[in-house]
Amino acid sequence: MPDIFDKINSGAGLSFPDIVEILSIEDEAGMKRLFDAAYKVKLEHIGNKVSFRGLIEISNICTKNCYYCGIRRDNRKTVRYQMTTQEILSAAKWAYEAGYGSIVLQGGERSDSRFTESIEEIVRAIKKLSGHTLGITLSLGEQTAETYKRWFDAGAHRYLLRIETSSQELYRKLHPADHSFDARRKCLEILRDTGYQTGSGVMIGFPGQTVADLAGDLMFFKDMDLDMIGMGPYIVHHDTPLAEEFPDFESKREYQLNLALKMIAGARLLMKDINIASTTALQALRDDGRELGLLAGANVIMPNITDVTYRNSYQLYEGKPGLNDGPLQSLTSLKAKIESIGETIAFNEWGDSPHFYGRQRKK
Ligand code: 5AD
Ligand code: SF4
């Protein structure tokens, strides 16, 4: 009887049941085979290179109240901060000089005009200080079409907005009633129509989510024709409501890690030429989690270049790694780790996905 690996190796398109089967693999040998198959596809379509994005966590002030997130509005224990424009520009300058081809500005969601205008100015200033060479990705939540357009015109070219789950039912369990799945999905469409390379993602392994839900997430990404995916394991944060529904989280860390790696592999097999991030949450579960992500098919890493004085306060989940590593230290150790697995870092490149160019040509 042909097995799932025959189908994977034949290069035939994978169906929803195939993906469910892939995500259900539990034995070590089977998982290794799966990761190797996905890594091979990554080598064929992207090569053995890793794109870097310097991640700047500009603020932990958030108007939203997602049940899983440590910086949700109602978490009074979080000390709130907002980096000044000067601080953000100097972090961007550092990234530029260190040879990072692009940066990500990430932060809690705010839509007041003071905020949206300051982002526009910051994007312009970063373009200017880098001689218009540094690529800028934004990850600043749901905004109006007008705001997205203004930021795009200022020079941002990529946007990350995680849908968190493609199941409307699960979305309602993860969020208060005034957070809307449809509005979020609509934002992804607007972003793409505005001209951004658009990325999304989900949390993997939160309470109540099944492998069929996760397979549905991968199908959703494919249907949305995304250019990038950034997804990571759900990790408990005890000052949030969702933590109560996962009392045995500590004993499930390895399971969460493997599930996330299987999702990366499934994503790579399904969407061969897109950018897939190996996220910090993988490293929170295991020291070499991000390297494992690369070996399961991911090709992007977002090293944190936020000043260490702020890093502590940007804790979406517990056990965030590298809280005391300065940007240079992170870069040096990461470079060695990446080279040790036979991958190279693409310095001074935007690292756009081949998929995006394919999509542009089709227009
Ligand atoms: N565990 C893992 N990821 C989380 N995020 C927020 N809270 C958690 C958590 N407890 C992720 C969400 C969000 C991104 C900024 O961080 O997917 O989109
Ligand atoms: Fe805010 Fe994002 Fe956290 Fe939700 S997940 S509370 S929108 S930072």
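Here are legends for several close-up views of this predicted model.

Residues are numbered from 1 along each chain as its sequence is written, while chains are lettered from A and ligands numbered from 1 in the order in which they are written. In this predicted model local features need pLDDT of at least 70, side-chain atom pairs count only at pLDDT 80 or more, and totals for chains, interfaces and linings use all residues, with side-chain values based on heavy atoms and with hydrogens and water left out.

**View 1**
Start with the shell of residues around ligand 1: Tyr68, Cys69, Arg162, Glu164, Met203, Pro233, Tyr234, Ile235, Leu316 and Tyr317. A residue belongs here if one of its heavy atoms lies within 4 Å of the molecule. By class, the shell has eight nonpolar, no polar and two charged residues. In this scheme Ala, Val, Leu, Ile, Met, Phe, Trp, Tyr, Cys and Pro count as nonpolar, Asp, Glu, Lys and Arg as charged, and the others, Gly among them, as polar.

**View 2. Polar atoms that meet ligand 1.**
Look for the side chain of Glu164, where an N or O atom is 2.5 Å from an oxygen atom of ligand 1. Arg162 places a polar side-chain atom 2.8 Å from an oxygen atom of the ligand. From the backbone, an N or O atom of Ile235 lies 2.7 Å from a nitrogen atom of ligand 1. The protein covers 88% of the 400 Å² of accessible area that ligand 1 has on its own. Accessible areas come from the Shrake-Rupley method with a 1.4 Å probe, and for residues only the protein chains shown count as cover.

**View 3. Glu164 and Thr165, side by side in a loop.**
Glu164 sits in the loop between S4 and H7, and Thr165 is found in that loop too, between strand S4 (158–160) and helix H7 (168–174). Helices (H or I, at least four residues) and strands (E, at least two) are DSSP runs, numbered from the N terminus. Glu164 has a positive phi of about 75° although it is not a glycine. Most residues other than glycine have a negative phi. Glu164 counts as buried because its relative accessibility is 10%, and Thr165 counts as buried at 0%. Buried means under 20% relative accessible area, exposed over 50%, and partly exposed in between (1.4 Å probe, protein chains only). The side chain of Thr165 reaches the backbone nitrogen of Ser167 at 3.1 Å. Beyond four places in sequence, Thr165 touches residues including Leu170, Tyr171, Phe206 and Asp217; contact means heavy atoms within 4.5 Å.

**View 4. Ligand 2 and its neighbour Lys64.**
Cys62, Lys64, Cys66, Tyr68, Cys69, Ile71 and Arg72 surround ligand 2. This shell divides into five nonpolar, no polar and two charged residues. Lys64 lies in the loop between strand S1 (49–59) and helix H4 (85–97), and is buried, with a relative accessible area of 13%. A polar contact of 2.9 Å joins the side chains of Lys64 and Glu142. Such a contact is a pair of N or O atoms within 3.5 Å; within protein, one must be able to donate a hydrogen and the other to accept it, and residues adjacent in sequence count only if both atoms are side-chain atoms. Lys64 and Pro176 are 112 residues apart in sequence, yet 8.9 Å apart in space, C-alpha to C-alpha.

**View 5. Thr137 in strand S3.**
Thr137 has its place in strand S3 (residues 135–139) and is buried, with a relative accessible area of 2%. Its side chain makes a polar contact with the side chain of Arg158 (3.2 Å). Leaving out residues up to four places away in sequence, Thr137 also touches Arg53, Ile103, Val104, Leu105, Tyr159 and Leu160, among others.

**View 6. The nonpolar cores.**
Of the 107 residues in the largest nonpolar core, Ile126, Leu138, Phe221 and Met231 touch the most other members. Helix H10 (residues 253–270) gives the largest share of this core, ten residues. A second, separate core of seven residues includes Leu55, Val104, Leu160 and Ala277. Here a nonpolar core is a set of buried Ala, Val, Leu, Ile, Met, Phe, Trp, Tyr and Cys residues joined through side-chain atoms within 4.5 Å.
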